[in-house]
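Subject: Structure handover and findings

Hello,

Here is the structure for your work. My notes follow directly below it.

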Amino acid sequence: MTTDLDQMQTDMLAAIDAASGLDALDAVRVQALGKTGVITTLLKSLGAMTPEERQAKGPAIHGLREAITAAIATRKAALERADLDARLARETIDMTLPAEPALVGSIHPVSQVMDELAEIFADLGFAVATGPEIEDDWHNFSALNIPETHPARAMHDTFYLAGEHERPIVLRTHTSPVQIRTMMTQAPPIRIIAPGRTYRSDSDATHTPMFHQVEGLVIDKGITLGHLKWTLETFLKAFFERDDVVLRLRPSYFPFTEPSAEVDVGFTVQNGKRVIGGGGDTENGGWMEVLGSGMVHPKVIAACGLDPDEWQGFAFGCGIDRLAMLKYGMDDLRPFFDGDLRWMKHYGFSCLDVPTLSAGVGA
Ligand code: DAH
């Protein structure tokens with residue numbers, strides 16, 4: 001038996017060595033170790049043996065299987081390496097060739113607007129903060145003073161992730177949880193914006209299940225509604241590149257701010273189109289809502305471990321896709337996520353756009 005096995009091993013190792021390609025090697029593997037392979041059959045025969053026989057023959061059969069398995073793995077690695085070397089020698093790419101005109105990319109309006117926001121707020125001393133898109137419901141709701149029974153939870157059309165978790169897991173419905181994460185990890189004073197993706201189960205011409213928001217948060221001593229209004233005015237004037245942008249703060253309700261305000265910007269109608277700037281309560285104009293804001297609720301500040309008697313602040317949240325639509329004139333949200341370069345070119349986006357305030361945002 002041992003001699004038989006020795007002979008078998010010698011033959012198999014020779015076959016493995018002789019395998020000139022991965023397919024040939026696999027054929028040898030199947031012959032030896034496949035379902036009805038020679039070694040598999042030997043292993044199966046162990047079951048029918050007496051304990052003494054098994055003790056005598058088992059180690060040799062297992063040894064054979066191990067030697068063949070190892071030899072196949074070594075040969076496989078060598079063949080794969082040779083394959084890769086051959087491909088590397090065969091395939092060359094000339095990186096200096098120009099791309100085909102149809103393939104030249106373009107910056108996406110959402111990325112463009114995010115860059116503009118970072119640039120504008122950096123000038124005002126704001127850093128950019130980020131947080132996870134897969135959130136837990138404490139950061140997304142509870143810490144923001146939206147308790148479990150609060151109707152605002154139902155208003156958010158939340159995507160919940162399946163499975164048992166200590167805290168239910170959601171796709172964040174807004175960028176507001178980044179407020180919480182920032183306050184819990186950074187000592188005030190805090191000045192951040194948090195642009196990013198957000199998710200709600202909603203879909204039509206002006207809503208997509210994934211969309212973008214930017215959050216703003218300031219925490220410091222002696223912060224008032226006046227700071228909020230000045231900041232938003234400065235931001236919107238810089239963003240729309242017009243000094244005649246007018247704002248209206250309308251009392252509203254958000255669980256995480258008190259008082260809360262919805263912010264409208266004035267628009268005028270020019271050639272049948274709404275243009276941001278001027279307008280408001282004038283004959284040829286009106287107001288449109290662009291963001292939500294307010295003074296951070298003391299309960300939110302306390303939930304993050306800060307003393308609300310010592311620290312105050314303001315926050316705001318704004319849809320980035322909507323900002324892009326208003327600035328660059330798109331009227332349907334859905335093509336934002338089609339990835340059609342013709343659409344981006346139509347609205348004047350190029351791969352070389354670099355937003356800077358000195359060169360003019362969006363120049
Ligand atoms: N998170 C709100 C939403 O998605 C927007 C918002 C409103 C954010 C007021 C804020 C705020 O920070 O103060 O509808």
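The protein chain divides into domain 1 (2-90) and domain 2 (109-349); these bounds come from an automatic or database domain assignment. Taken over C-alpha atoms, the centres of domain 1 and domain 2 are 63 Å apart.

Some ground rules. This is a predicted model, where local features need pLDDT of at least 70 and side-chain atom pairs count only at pLDDT 80 or more, while totals for chains, interfaces and linings use all residues. Residues are numbered from 1 along each chain as its sequence is written, and side-chain values use heavy atoms, with hydrogens and water left out.

**Ligand site**

The shell around the ligand holds 15 residues. A residue is near a molecule or strand if one of its heavy atoms lies within 4 Å of it. Those that come nearest are His 174, Ser 176, Arg 200, Gln 213 and Glu 215. By class, the shell has four nonpolar, nine polar and two charged residues. The classes are these: Ala, Val, Leu, Ile, Met, Phe, Trp, Tyr, Cys and Pro count as nonpolar, Asp, Glu, Lys and Arg as charged, and the others, Gly among them, as polar.

Three strands, β5 (210-220), β9 and β10 (312-319), each supply at least two residues of this shell. Helices (H or I, at least four residues) and strands (E, at least two) are DSSP runs, numbered from the N terminus.

Now the polar contacts. The term means a pair of N or O atoms within 3.5 Å; within protein, one must be able to donate a hydrogen and the other to accept it, and residues adjacent in sequence count only if both atoms are side-chain atoms.

- Arg 200: a polar side-chain atom is 2.9 Å from an oxygen atom of the ligand.
- Gln 179: an N or O atom in the side chain lies 3.1 Å from an oxygen atom of the ligand.
- Ala 315: a backbone N or O atom is 3.2 Å from an oxygen atom of the ligand.

On its own, the ligand has 360 Å² of accessible area, and the protein covers 90% of that. Accessible areas come from the Shrake-Rupley method with a 1.4 Å probe; for residues, only the protein chains shown count as cover.

β7 covers residues 257-270. Of its 14 residues, 10 are buried. Buried means under 20% relative accessible area, exposed over 50%, and partly exposed in between (1.4 Å probe, protein chains only).

Ser 252 stands across from Ser 260 in β7. Gly 266 faces Trp 287 in β9. Phe 267 stands opposite Ile 276 in β8. In a regular strand the side chains alternate between the two faces of the sheet.

Two hairpins belong here. One joins β6 to β7 through two residues. The other is formed by β7 and β8, again with two residues between them. Asn 271 is exposed, at 83% relative accessible area.

**Backbone checks**

Which peptide bonds are cis? One joins Glu 258 and Pro 259, with omega about 0°. Pro 259 is in β7. Another joins Pro 188 and Pro 189, with omega about 5°. Pro 189 lies in the loop between α8 (177-185) and β4 (190-199).

Asn 145 has a positive phi of about 65°, although it is not a glycine. Asn 145 lies in the loop between α6 (137-140) and α7 (151-155). Is Asn 145 buried or exposed? Asn 145 is buried, with a relative accessible area of 18%.

**Two further residues**

His 150 is in the loop between α6 and α7. His 150 counts as buried, at 18% relative accessibility. The side chain of His 150 makes a polar contact with the side chain of Tyr 253, at 3.2 Å.

Ser 350 lies in the segment after α12 (341-346). With 28% relative accessibility, Ser 350 is partly exposed. Ser 350 and Val 104 are 246 residues apart along the chain, yet their C-alpha atoms are separated by 9.0 Å.

Best regards

Methods. Two strands pair if DSSP finds at least two bridges between them.
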